[in-house]
Amino acid sequence: MNSIHQLPDSIATFLATPYNLTSDDIAFYNQYRYIKLKSVLNHETVDFFNAKITAQVDSMNQENRALEDRSTYGKAFLQLFNLWLENPLIKELIFSTRLAKIASDLMQVNGVRLYHDQALFKEAGGGITPWHADQYYWPLETDKTVTVWIPLQPTPLEMGPLEFSAGSHTIVEGRELAISDESEEVIQKKLRVTDFKHVIEPFDLGEVSFHSGWVFHRAGANTTSSMRKVMTVIYMDKNMLLKNPDNRNQIHDWETWCPGAKIGEIIDTPLNPVLYSR
């Protein structure tokens with residue numbers, strides 16, 4: 001290690017090394033709009049960023065209410081955004097070529113930009129994350145979006161790993177719902193009468209998932225005595241256009257994550273750098 005303020009050379013080299021997807025991987029993602037990939041990160045990398053991200057979340061977190069005093073959304077996780085702006089070491093993970101190239105290859109685009117990052121820490125005893133589709137919140141013109149979900153520890157079913165309704169990006173009903181008790185009820189009822197497989201699986205250390213903006217997903221409660229620590233990065237096609245927002249959440253996202261972007265133009269702002277280009 002060069003110093004405590006620098007990335008170890010071994011991790012820097014690893015994050016610059018491509019993870020090669022197979023044609024079957026890309027076909028699977030294209031059909032189901034999610035995929036779980038093993039050994040995307042090695043143990044050294046996960047352990048290093050677990051420590052750095054945990055410390056950063058602790059410093060940024062302002063939630064001091066007891067779980068029972070929060071809404072369903074508030075019980076689901078502690079949510080902190082754009083850690084890359086706060087910590088140059090965490091930025092190395094968020095901006096890594098290894099992850100961004102996987103996102104680009106899965107979406108079959110010529111490169112990706114950052115939409116934003118977020119830490120999602122589900123506390124011991126934390127509640128469910130209701131069924132939802134992320135892109136409800138995003139003022140983005142196309143569905144060329146993908147989120148990488150990076151557990152910072154092995155994540156058994158008892159901890160509330162991410163669950164997917166495979167192929168449910170084709171469903172329109174429920175897209176208009178924010179994360180809430182209503183979205184859990186309405187979307188669950190809709191999915192129950194479809195043939196989409198509900199995928200509930202643990203995550204090994206170093207295993208990550210990628211899911212598209214319109215595929216429905218949820219997470220169970222954390223019934224363990226430990227924090228479920230997850231880091232996420234949301235990628236978009238590097239040529240993504242800003243659309244006219246459909247709801248107040250999309251207006252908020254425009255102002256927060258794409259400030260200065262213009263409707264109908266490529267979202268090219270200082271907060272949305274290109275992370276990978278062919």
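Two residues are in contact when heavy atoms of theirs lie within 4.5 Å of each other. The structure is a predicted model, in which local features need pLDDT of at least 70 and side-chain atom pairs count only at pLDDT 80 or more, while totals for chains, interfaces and linings use all residues. Residues are numbered from 1 along each chain as its sequence is written, and side-chain values use heavy atoms, with hydrogens and water left out.

The chain holds 8 helices and 11 strands, where helices (H or I, at least four residues) and strands (E, at least two) are DSSP runs numbered from the N terminus. Its radius of gyration is 18 Å, close to the 19 Å that the globule rule gives for 278 residues, so the chain is as compact as a globular protein of that length; the radius is taken over C-alpha atoms, and the rule is 2.2 Å times the number of residues to the power 0.38. Along its principal axes, the C-alpha trace spans about 55 × 45 × 40 Å.

Of the 278 residues in the chain, 56% are buried, a word that here stands for under 20% relative accessible area, with exposed meaning over 50% and partly exposed in between (1.4 Å probe, protein chains only). The accessible surface of the chain comes to about 12,200 Å², and 50% of this belongs to carbon and sulfur atoms; such areas come from the Shrake-Rupley method with a 1.4 Å probe, and for residues only the protein chains shown count as cover.

What does the interior contain? A nonpolar core is a set of buried Ala, Val, Leu, Ile, Met, Phe, Trp, Tyr and Cys residues joined through side-chain atoms within 4.5 Å, and the largest one in this chain has 47 residues, with I53, F210 and Y235 making the most contacts inside it. Helix α6, residues 97-107, gives the most to this core, with 6 residues. If residues up to four places away in sequence are not counted, I53 touches L83, I90, L93, F121, L152 and M231. Apart from this core lies another, of 14 residues, among them W138, I234, M240 and A261.

Just after α6, Q108 takes a positive phi of about 55 degrees, although Q108 is not a glycine. Its place is in the loop between α6 and β3, residues 111-122, and Q108 counts as exposed because its relative accessibility is 53%.

S39 is another residue that has a positive phi of about 55 degrees although it is not a glycine. S39 sits in the loop between β1 (34-37) and α3 (43-60), and at 54% relative accessibility it counts as exposed. Most residues other than glycine have a negative phi.

Strand β7, residues 198-200, includes V199, which counts as buried because its relative accessibility is 3%. Leaving aside neighbours within four places in sequence, V199 is in contact with Y34, L162, E163, F164 and A166. The C-alpha atoms of V199 and L162 are separated by 8.8 Å, although these residues are 37 apart along the chain.
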